[in-house]
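Me: I have just opened this entry and would like a guided look at it. Could we start with the overall picture and then turn to details?

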Amino acid sequence: MVSPDHPRLHTTSPMAKPSVPRNKSSFCLSDSLLFIGGAFFALLVVWSLWSFLTPTTDPSPSLGPLGDSQSKSASGADWLNCGEDSAETTFYDEPELSYSIGKPLENWDEKRKEWLKQHPSFAAGARDRVLLVSGSQPSPCKNPIGDHLLLRFFKNKVDYCRIHGCDVFYNNALLHPKMGSYWAKLPVVRAAMVAHPEAEWIWWVDSDALFTDMEFKLPLERYKDHNLVVHGWAHLIYDDKSWTGLNAGVFLIRNCQWSMDLMEVWASMGPQTPEYKKWGQILRSTFKDKLFPESDDQTGLIYLLYKEKEKWGEKVYLEGEYYFEGYWHEIIGTMDNITGRYREMEREEGTLRRRHAEIESEQYGAYRARCYLKEAGNGRGSWRRPFITHFTGCQPCSGDHNQMYAGGSCWDGMRRALNFADNQVLRKFGFMHWDRLDSSLSPLPFDYPAAD
């Protein structure tokens, strides 16, 4: 930068004393001093202007896209800076570690605890952290509308988790080539436990199940002394010995050694083992109402609870108080009445119809539950929204639905339930499905439904 020119400085004035005659050397010395002083003063002025006009820069050298302050993890270790990683080893560094069913993992509780200790930013809140896991087949659906339906079911799960802060893993590959169909979930859940040590709970939800109460939140405190939560009824398992004593399409399992051990025993009845055919015979002879000869995951779990209650039963919570997983055929016909009851509730209470940000949904849902749903009940016969509606037997991807249902009733029921759930989300965006069999949208009037 070139400094601006400055005018010369005058050294004489009318008030100056008369000059005294000096010799040549005096004149030279005086002129030199004057020149040096003037130059120094000019330099000060230029320096001041330069400091004022030029912004201060960080004198530390640049380290590229990630500087030191950015390349530190919460634990203080270098985070992948030019190929460098933390010097601390974890269970991931063990060559024998396996993500697969059939290769038992030992000391998992200690390994998780140590990993969380090394990653303190994940340790905070780990007790209530949930990873939702779901999945579908690797190939396209045979049912012409199957892929579209599965996409909407998946969107529904993403919507719920966005509102309630849980992560989602959706898998459409067989993690064990011989464990397909209903057995495919176990390898996925097992791998998810190892891949997500920060998650306390793994929540499996079948691809044909959807959330139909977007405000309801899992009561995790209720399950603090249990490791597996599943929709079921003790009398059907232990007294009636029924293969419908629980439904394994939705379950919440704690990320712990107990669960690792359970899944190894559970999976030993699966199609990847040479005992598969024998297990089919055992299960069908034990549970007389079982409809098909193959060994399946649901009957296998019931068998473990029935035969080894002391080993597994105490840590299993059979949830029957609310629709942890609800049978679609008994739910779909109640949705119009439920919608009407909620609409009437919102007409009477301005807080419930007030516009708000989606991120505030949990608070508004808690307010509704605390002040208006205490008398609504839960589960069958309730006018509260069902938490999860499961289209068991409908097979949206293959289209090979149970013959006790008409195909149209399955597909129409899915559309009704999906729009019923979608409306709860879209209201935060200012839109709504007015017809639950039609996917088209209309803008939501202000203060709806006060004056509808």
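**Overview**

Reply: The chain has 15 helices and eleven strands; helices (H or I, at least four residues) and strands (E, at least two) are DSSP runs, numbered from the N terminus. This is a predicted model, in which local features need pLDDT of at least 70 and side-chain atom pairs count only at pLDDT 80 or more, while totals for chains, interfaces and linings use all residues. Residues are numbered from 1 along each chain as its sequence is written, and side-chain values use heavy atoms, with hydrogens and water left out.

Me: What pLDDT does the chain average?

Reply: The average is 85, and 80% of the residues score at least 70. pLDDT is the predictor's confidence in each residue, from 0 to 100. Over residues 1-36 the value is below 50, and this stretch has ten contacts in the model beyond near neighbours in sequence; contact means heavy atoms within 4.5 Å. Residues 48-79 also stay under 50, with 24 contacts beyond four places in sequence. Where pLDDT is low, the predicted coordinates should not be read in detail.

Me: And what share of the residues is buried?

Reply: Of the 452 residues in the chain, 43% are buried. Buried means under 20% relative accessible area, exposed over 50%, and partly exposed in between (1.4 Å probe, protein chains only).

Me: Which residues have the most contacts inside the largest nonpolar core?

Reply: They are Val189, Ile202, Leu228, Leu246, Phe251, Ile253 and Trp266, in a core of 47 residues. A nonpolar core is a set of buried Ala, Val, Leu, Ile, Met, Phe, Trp, Tyr and Cys residues joined through side-chain atoms within 4.5 Å. Apart from this core lies another, of 25 residues, among them Met335, Ala376, Trp383 and Leu418.

Me: What does Phe251 touch, leaving aside its neighbours within four places in sequence?

Reply: The contacts of Phe251 include Lys185, Val189, Ile202, Trp204, Leu228, Trp266 and Phe324.

Me: Which other pair links distant parts of the chain?

Reply: Arg254 in strand S6 pairs with Glu200, which sits in the loop between helix H5 (185-195) and strand S3 (201-205), 54 residues apart. Their N to O distance is 2.7 Å, and both residues are buried.

Me: And what about Glu330 and Arg380?

Reply: They form a salt bridge as well, with the closest N and O atoms 3.7 Å apart. Glu330 is partly exposed at 27%, while Arg380 counts as exposed at 68%. Elsewhere, salt bridges that share partners join Arg152, Lys155, Asp159, Arg162, Glu358 and Asp422 into one network.

Me: Where is Pro396?

Reply: Pro396 is found in the loop between strand S9 (388-390) and helix H15 (407-426). At 4% relative accessibility, Pro396 counts as buried. Its contacts beyond four places in sequence include Asn143, Leu149, Asp208 and Trp411. The C-alpha atoms of Pro396 and Ser207 are 9.2 Å apart, although 189 residues separate them in sequence.

Me: Which peptide bond is cis?

Reply: The bond joining Tyr448 and Pro449 is cis, with omega about 5°. Pro449 belongs to the segment after strand S11 (442-443). Asp447 is in the segment after S11 too, and Asp447 has a positive phi near 65° in a residue other than glycine.

How values were computed:
A salt bridge is a side-chain nitrogen of Lys or Arg within 4 Å of a carboxyl oxygen of Asp or Glu.
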